[in-house]
Amino acid sequence: FIMAKQVEQLEKEKKELQERLKNQEKKIDYFERAKRLEEIPLIKTAYEEQRVHDMELWEQQEEERITTLQLEREKALEHKNRLSRMLEDRDLFEARLKASRRTVYEDKLKQFQERLAEERCNRLEERKKQRKEERRITYYREKEEEEQRLREEQLLK
């Protein structure tokens with residue numbers, strides 16, 4: 001009997017605990033829902049304020065970027081105007097430099113052409129000699145073969 005009472009008491013405590021937890025869960029849910037309902041307008045206003053602030057910041061940075069680009073453009077034009085006065089001097093210097101390099105190039109080209117012509121002549125002469133020697137050797141070889149053939153015919157007769 002005591003055991004049954006104890007089991008019954010434990011089950012009763014367990015049910016009470018579950019009910020208390022359920023009530024507590026409902027309170028927390030209600031509190032969270034209420035908190036969200038209160039937060040939503042605050043979040044929207046904070047978002048709008050942040051958006052406005054970001055837009056102002058972007059506009060300010062865009063203005064700064066445009067002014068720096070304008071300043072850079074003005075400086076570039078100043079440099080161009082300043083350097084344009086040196087344009088004639090630069091062209092004159094380039095012309096002199098190209099002329100001097102051209103003469104050096106032409107001299108080297110002329111030397112190369114001369115060496116090339118000389119080397120061609122030497123090689124042609126060498127090939128002429130070589131062919132002449134080959135013809136002479138083949139002539140003597142053919143002559144000797146002919147003599148050998150004649151001797152063999154003589155022996156056979």
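I began with K35 and E32, which both lie in helix α1, three residues apart, or about one turn of the helix; helices here are DSSP runs of H or I of at least four residues, numbered from the N terminus. I note that this is a predicted model, in which local features need pLDDT of at least 70 and side-chain atom pairs count only at pLDDT 80 or more, while totals for chains, interfaces and linings use all residues. Residues are numbered from 1 along each chain as its sequence is written, and side-chain values use heavy atoms, with hydrogens and water left out.

The side chains of K35 and E32 meet in a salt bridge at 3.3 Å, N to O (a side-chain nitrogen of Lys or Arg within 4 Å of a carboxyl oxygen of Asp or Glu). I found K35 partly exposed at 35% relative accessibility and E32 likewise at 27%, where buried means under 20% relative accessible area, exposed over 50% and partly exposed in between, with a 1.4 Å probe and protein chains only.

In helix α2 I looked up R102 and E106, four residues apart, and found a salt bridge whose closest N and O atoms are 3.4 Å apart.

How many salt bridges does the structure hold? I noted eleven.

Finally, I checked the UniProt record, where an unreviewed entry lists residues 3-34 and 59-149 as "coiled-coil region", an annotation that may be inferred rather than shown by experiment.

Key:
Helix = DSSP H or I, 4+ residues; strand = E, 2+ residues; numbered from the N terminus.
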